[in-house]
Amino acid sequence: LQSNLSAAPAALAELLATLSRLTVTDAICAQLARMDALRLAISKLADHVTDPQVAKQACFFLANISGNDQCKEAIVSAGGHVA
């Protein structure tokens, strides 16, 4: 899946936007973190930092999910503090 997303930045931006919209409860945020959505967002942000749509949606997702304290720790663990 990840290699297909790299080839289609528009689809990646839509996926990240969808993930961002899902971050409405702590339980959902925790589940997304367990599913490696944080690592996906951080790695794709790094891969597509010059693509404005991907970068924007990745940042929105990371900002939304960081409302959960456990997810903040997971973002740092996934390397998000240097992305």
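These legends go with a set of close-up views of one predicted model.

Residue numbers start at 1 along each chain as its sequence is written, and side-chain values use heavy atoms, with hydrogens and water left out. Because this is a predicted model, local features need pLDDT of at least 70 and side-chain atom pairs count only at pLDDT 80 or more, while totals for chains, interfaces and linings use all residues.

View 1. Starting at the N terminus, the elements go α-α-α-α-α-α. Helices (H or I, at least four residues) and strands (E, at least two) are DSSP runs, numbered from the N terminus. Of the 83 residues, 36% count as buried; buried is under 20% relative accessible area, exposed is over 50%, and partly exposed is in between (1.4 Å probe, protein chains only). Take the contacts between residues at least 6 apart in sequence: 63% of them join residues at least 24 apart. Contact here means heavy atoms within 4.5 Å.

**View 2. Helix 2 (residues 9-22) packs on helix 4 (residues 37-47).** The angle is about 140°, and the axes sit 11 Å apart. That makes the pair oblique: angles under 35 degrees count as roughly parallel, over 145 as roughly antiparallel, 65 to 115 as roughly perpendicular and the rest as oblique. Axes are lines fitted to C-alpha atoms, for helices over the stretch in contact, with angles from 0 to 180 degrees between N-to-C directions. Helix 2 and helix 4 make a left-handed crossing, in which the near helix is turned anticlockwise from the far one by less than a right angle (clockwise would be right-handed). Look for Leu12, Leu15, Leu16 and Leu19 of helix 2 against Ala37, Leu40, Ala41 and Lys44 of helix 4. By class, that contact has 7 nonpolar, no polar and 1 charged residues. Ala, Val, Leu, Ile, Met, Phe, Trp, Tyr, Cys and Pro count as nonpolar, Asp, Glu, Lys and Arg as charged, and the others, Gly among them, as polar.

**View 3. Helix 5 (residues 52-65) meets helix 4.** Their axes come within 9 Å and cross at roughly 145°, again in a left-handed crossing. On the helix 4 side, the residues include Leu38, Ile42 and Leu45, and on the helix 5 side they include Phe61, Leu62 and Ile65. The tally for this contact is 12 nonpolar, no polar and 1 charged.

**View 4. Helix 2 also packs on helix 5, with axes that come within 8 Å.** The two cross at roughly 15°, which makes helix 2 roughly parallel to helix 5. The crossing is left-handed. Among the residues in contact are Pro9, Ala13 and Ser20 of helix 2, with Gln53, Gln57 and Asn64 of helix 5. By class there are 10 nonpolar, 4 polar and no charged residues.

**View 5. Asp36 sits in the loop between helix 3 (26-34) and helix 4.** Asp36 isn't a glycine, yet its phi is positive, about 65°. Most residues other than glycine have a negative phi. Asp36 is partly exposed, at 45% relative accessible area.

**View 6. Cys29 is buried, while Cys59 is partly exposed.** Cys29 has 4% relative accessibility and Cys59 has 43%. Searching the whole structure for disulfides turns up 0, a disulfide being a pair of cysteine sulfur atoms within 2.5 Å.
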